[in-house]
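Trainee: Please take a close look at a single residue and its surroundings. Then place it in the wider picture.

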Amino acid sequence: MNAFAGSIDRPNSYIGRSVSRPNAKRLLEGRGRYVTDLVLPRMLHAAFVRSPYAHGKIVSIDIEEAKALSGVRAVFTGEDLASICAPWTGTLEHFTNMKSPPQVPLPLEKVMWSGQPVVLIIADSRAVAEDAAELVIVDIEELPALADPVDAMSAAAMSKELADNICFATKLDSGGVEEAFDAADTAVEQSFIFGRHTAVTLEPRAIVADYDPSENRLTAHHATQTPYQFQDVYSRHYGIPEANVRVIAPDIGGSFGMKLHVYHEEMAVVGASILLGRPIKYVADRMESFVSDIHARDHRVTGRLALDRDGRITAMDVDDVTAIGAFSSYPRTSAVEGNQVIRLMGAPYDFSSYRANLSVVFQNKVQTSQYRAVGHPIACAVTECLVDAAARELSLDPFEIRERNLIPDSSYPRTSPTGYQFEKLSHQVCLARLKSMMNYDALRVEQAGLREKGILRGIGIALFVEITNPSPAFYGVGGARISAQDGAILKLTPSGEVHCSISVTEQGQGTETIIGQIVADQLGIDREKVRVMTGDTDTTPHGGATWACRGAGIGGETALQAARKLKANLLAVAGLILQAQPGELDIRADWIVETVTGQQRISLAEVARVAFFRSDTLPPETQAQLSVVHHYAPQGYPFAFTNGAQSCLVEVDAETGFVKILKHWVVEDCGRIINPLLVDEQVRGGVVQGLGAAFFEECLYNEEGQLTNGSLADYLVPMACEMPDIEISHVETPTRDTELGAKGCGEAGTAAASAAAMNAVNDALVGHGAVLTQIPMTPTRILKALGTI
Amino acid sequence: MSGKVTISLAVNGETIEALVAPRTTLADFLRQDIQLTGTHTGCEMGVCGACLVLLDDRPVHACLMFAVQADGCAVETVEGLTHRRAIDDLQKAFHERNALQCGFCTAGMLVSAYGVLASGDELDRDSIRDALSGNYCRCTGYESIVDAIETTARLRRQHMEKEEA
Ligand code: FES
Ligand code: FES
């Protein structure tokens, strides 16, 4: 419960302040240290020979010529690595009957997607390794590819270990759905297609694996969000004691969920380093990224809403078929997204009859898995598009229909019909804020005026609920060795400064900055005197790291409690030095002060000096504790849900199908805000990823399962000139589960941006007989919907 | 492999003599041969802008050039611009506005911004967005970058007006 005094006027009150990121200066001067930059003594380079077919049987592999090339040090195929690496299987126990074939670094018998790595070449340089890759002859007997998910559902199993191509299927039914639809005054139904897209981090995946046989010690410099998870994976699958595995994640050029999955290439490179006893570097090039990074989404959803004559939703019924590639990813699986899709449907609205059907299907494409806002954009788009469809049917304004259906802010705590427990959300406040912030009524007047001139503007709104601060209910209960807790070590230096090492990680979102703010705030010292370090399993405690919007909420609370613990220790020592009661002392602006008067008694630096160098002057038996370790695991609600509302304003050119995004608004409530500057930029970055999915981004495949646009020239990403300014406003409903009260914000932008954009385009096209239910909404699809082509 | 070629060029004001393979790109030469890792690569096909450097004071894609083509030229990277304090104001504006997250696009953004600011053109938000049309950023959503460049342009203009007055 947070009786948190975030008073902004107190000295060193950093919680709630927009402060810039100390560690960004290094990046601005070109002094970043990314894995891509790393060079180690005796380091070799890796390149892969990849399958040209989406599905096929490996007949033979001839590596002789490649091996003979000057500068090539080794060539490895499936058996070489399978003999030292235990296979992995991407299932979670709490997903009943979930299945997936076991995976090994390089395939033994069959290739399962086009681009799958088959042979690993190790050479003195990447260029030589690539030359050698050209010399490998892989004879593959092509098999029919299962590219279409619906076909795959009934086709013969493509993996010999499985009986069919269903990875996971589940149903939710709260009861009463049929009855509600029978009794409904209005029912709307739409079928949606959500294309595959991918993370396209600017820095591709990268690893330098460095195995030292003399100590049986593996050091992996790995561009990942989750070093602890990889420490566990490398240890267990290669049989190296966990304490001998060190994973270092230095500066990372973007991740967004993509860099926390186990990839065949990274596993193979670790294996090769073990076999050769030398450091090996692998950096995916962009073409490799497109065929081997996880993809995201790929859902076909049919959704129905039943409403009464007042426009109140009485029931929702959905069916989601999602295709995940040939294997479920490891260790987080590829079923979490579908599970979240069906559980987040309708989340902002007050109705009780819900039914859902989920089918997670294998196919011959690269794996899909968790990417920013896992499942949220799908659930949000289906729900919000159906709500708009109902509004059109009932001639209700989109704000009006939502106002009638929102869960009232006064009615929490609540449990959703899908079983999620909401502590406290603020939909009504957010929706009202959005309306006034965007000047909705004036926009509608302007829209009507422009319409008369033939200019088609559209306004779309979307409400969302986001899952943050996950407890072990997320992965731990399913048997995955993924921590829900975090740990921090705070050390006082002899000069009175503080060093913090913590298990949440940094990818540029500002983790280290907010942790520094919290520690400095709680200790009462200058922010510049706190040094935060992250991303090294040897020097930080084991923890969950950064995913699912947990850095601020869980990592922040860990830091807060650790800082309070250290402060108590420091006041105890100061009390001994000053012969005062610790309870009457406080730390402010790096000084020990009298709490009541604020009078400065002794500097923190002096306390540190005495404690470290003149312990002889302290009373006998005193053992000053100048470092603390603290762990924190979320308790209370299984997740801290957040919420918010977004709106998108677009102009559609009905002749060309081009859409200009004019403006985007976001109101979001992530609880206690630690740094508004960073929260806003997280939200903006998230929105743009959602707009990318809505308008541009799609991994296009042909019927043979070949990716046809796998380069940055062919795959469209949102660029500066296409993106709008994004206005943001905040509502703060802190969670009472922690002292800090913070929830996550990193996925909020992505969660609802596509939905708002779909509603905006459909609003622009009202009266033209076109409704788009597929993203990306490309000019071609818009023209097709309009019947122009 | 084909024989190496001797090149001589100025990088960040220092003369460099080097032996390079003809197929080595300028980006790989800068990053690997002379360890100027501030310049990045994100696509190696001229699309993302992560590899932008100045060649004789004009932004070019280091991934699209061979190192041998830079023989006799003056190359400047983010490290050089930083060292000669040519973009202090721009870096400060980026820092204060949080116009970067992971920082992987940042060197390219700064080089593009350097180019457009040096052009002396009147800059509004749309023209800044256009000027960045070859710079991909996955993290920020661009608005903060546009803001930071706009701020720098405004401060530079004010500074010039003061000097003239
Ligand atoms: S690496 Fe040169 S433009 Fe992308
Ligand atoms: S800051 Fe990460 S790509 Fe721009």
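This is a predicted model: local features need pLDDT of at least 70, side-chain atom pairs count only at pLDDT 80 or more; totals for chains, interfaces and linings use all residues.

Mentor: A:Glu29 sits in a loop of chain A, between α1 (24–28) and β1 (44–50). Its relative accessibility is 29%. The cut-offs are under 20% for buried and over 50% for exposed, so A:Glu29 counts as partly exposed. The side chain of A:Glu29 also has a polar contact inside chain A. The side chain of A:Arg31 is its partner there, at 3.1 Å.

Now the interface as a whole. Chain B brings 47 residues into contact with 54 residues of chain A. Together the two chains bury about 4,100 Å². Carbon and sulfur atoms carry 57% of that area. Charged pairing is present too, with 7 salt bridges counted between chain B and chain A. One salt bridge joins B:Arg23 and A:Asp131, with the closest N and O atoms 2.9 Å apart.

Which elements of chain B give two or more residues to the side that touches chain A? They are α2 (78–83), α3 (88–97), α4 (106–118), α5 (125–131) and α6 (143–164). Of these, α3(B) gives the most, with 5 residues. By type, this side of chain B divides into 17 nonpolar, 19 polar and 11 charged residues.

Chain A has 20 helices and 29 strands. Its radius of gyration is 28 Å, close to the 28 Å that the globule rule gives for 789 residues, so chain A is as compact as a globular protein of that length. The C-alpha trace spans about 85 × 70 × 45 Å along its principal axes. Of the 789 residues, 64% count as buried. Contacts in chain A with a separation of 6 or more come 80% from residues 24 or more positions apart.

Back to the starting point. A:Glu29 is a partly exposed loop residue.

Key. Residues are numbered from 1 along each chain as its sequence is written. Chains are lettered from A and ligands numbered from 1 in the order in which they are written. Side-chain values use heavy atoms; hydrogens and water are left out. Contact means heavy atoms within 4.5 Å. Buried area is the accessible area (1.4 Å probe) that two parts lose on being put together, summed over both. A salt bridge is a side-chain nitrogen of Lys or Arg within 4 Å of a carboxyl oxygen of Asp or Glu. Helices (H or I, at least four residues) and strands (E, at least two) are DSSP runs, numbered from the N terminus. Ala, Val, Leu, Ile, Met, Phe, Trp, Tyr, Cys and Pro count as nonpolar, Asp, Glu, Lys and Arg as charged, and the others, Gly among them, as polar. The radius of gyration is taken over C-alpha atoms; the globule rule is 2.2 Å times the number of residues to the power 0.38. Buried means under 20% relative accessible area, exposed over 50%, partly exposed in between (1.4 Å probe, protein chains only). A polar contact is a pair of N or O atoms within 3.5 Å; within protein, one must be able to donate a hydrogen and the other to accept it, and residues adjacent in sequence count only if both atoms are side-chain atoms.
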